[in-house]
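Please look over this structure with me.

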Amino acid sequence: MKGIGSSVLLCGLAAALSACMEAPSAPAPVTVTPPPVEVAEPPGTSPASAIPASSVAAEYAYVSAHFPGWQVQTQGLMMQPSGRAVDVLTLEKAGENRDLYFDISSFFVTGL
């Protein structure tokens with residue numbers, strides 16, 4: 001009897017202990033937030049993305065190569081607060097206009 005009583009007591013104790021134990025919980029879901037994607041603006045679409053040019057002829061060659069069928073309507077100079085000289089060409093094709101910016105600091109001379 002001693003053996004059976006001990007077994008019953010051990011079974012009861014094991015049942016009580018297992019009832020107190022927490023069931024393993026599922027791992028918390030992992031949320032991954034990707035870093036924001038920076039979309040670079042196309043070259044020449046603003047003074048900040050002005051295309052470096054070595055001459056006015058280089059600007060017109062760029063227009064011919066990258067904007068076939070577009071015509072230069074106007075050309076103007078913009079001096080940036082930083083002192084950088086930027087040429088802006090207004091292009092036209094089929095009634096659509098767009099501005100194209102060139103950094104001309106490498107050849108623009110001030111103080112003449």
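The points below go from the overall fold to the salt bridges.

1. First, a caution. This is a predicted model. Keep that in mind for each point that follows.

2. Start with the layout. The chain has 2 helices and 4 strands. Along the sequence, they come in the pattern α-β-α-β-β-β.

3. Next, the surface. The chain has 112 residues, and 21% of them count as buried. Its accessible surface is about 8,300 Å². Carbon and sulfur atoms account for 65% of that area.

4. Now the contacts. Take those between residues at least 6 apart in sequence. Of these, 43% join residues at least 24 apart.

5. How many salt bridges does the structure hold? There are 2.

6. D103 pairs with R84 in a salt bridge. Their closest N and O atoms are 3.4 Å apart. Are the two partners buried or exposed? D103 has 16% relative accessibility, so D103 counts as buried; the cut-off for buried is under 20%. R84 has 22%, so R84 counts as partly exposed.

7. E96 and R98 form a salt bridge through their side chains. The N to O distance is 3.9 Å. A salt bridge requires the two atoms to be within 4 Å. E96 is partly exposed, at 43% relative accessibility. R98 is also partly exposed, with a relative accessible area of 35%.

Note on methods. Residues numbered from 1 in each chain as written. Predicted model: local features only at pLDDT ≥ 70, side-chain atom pairs only at ≥ 80, totals over all residues. Heavy atoms only, no water. Buried < 20%, exposed > 50% of the residue type's maximum accessible area, 1.4 Å probe, protein only. Contact = heavy atoms within 4.5 Å. Areas by Shrake-Rupley, 256 points an atom, 1.4 Å probe, with all protein chains shown as cover.
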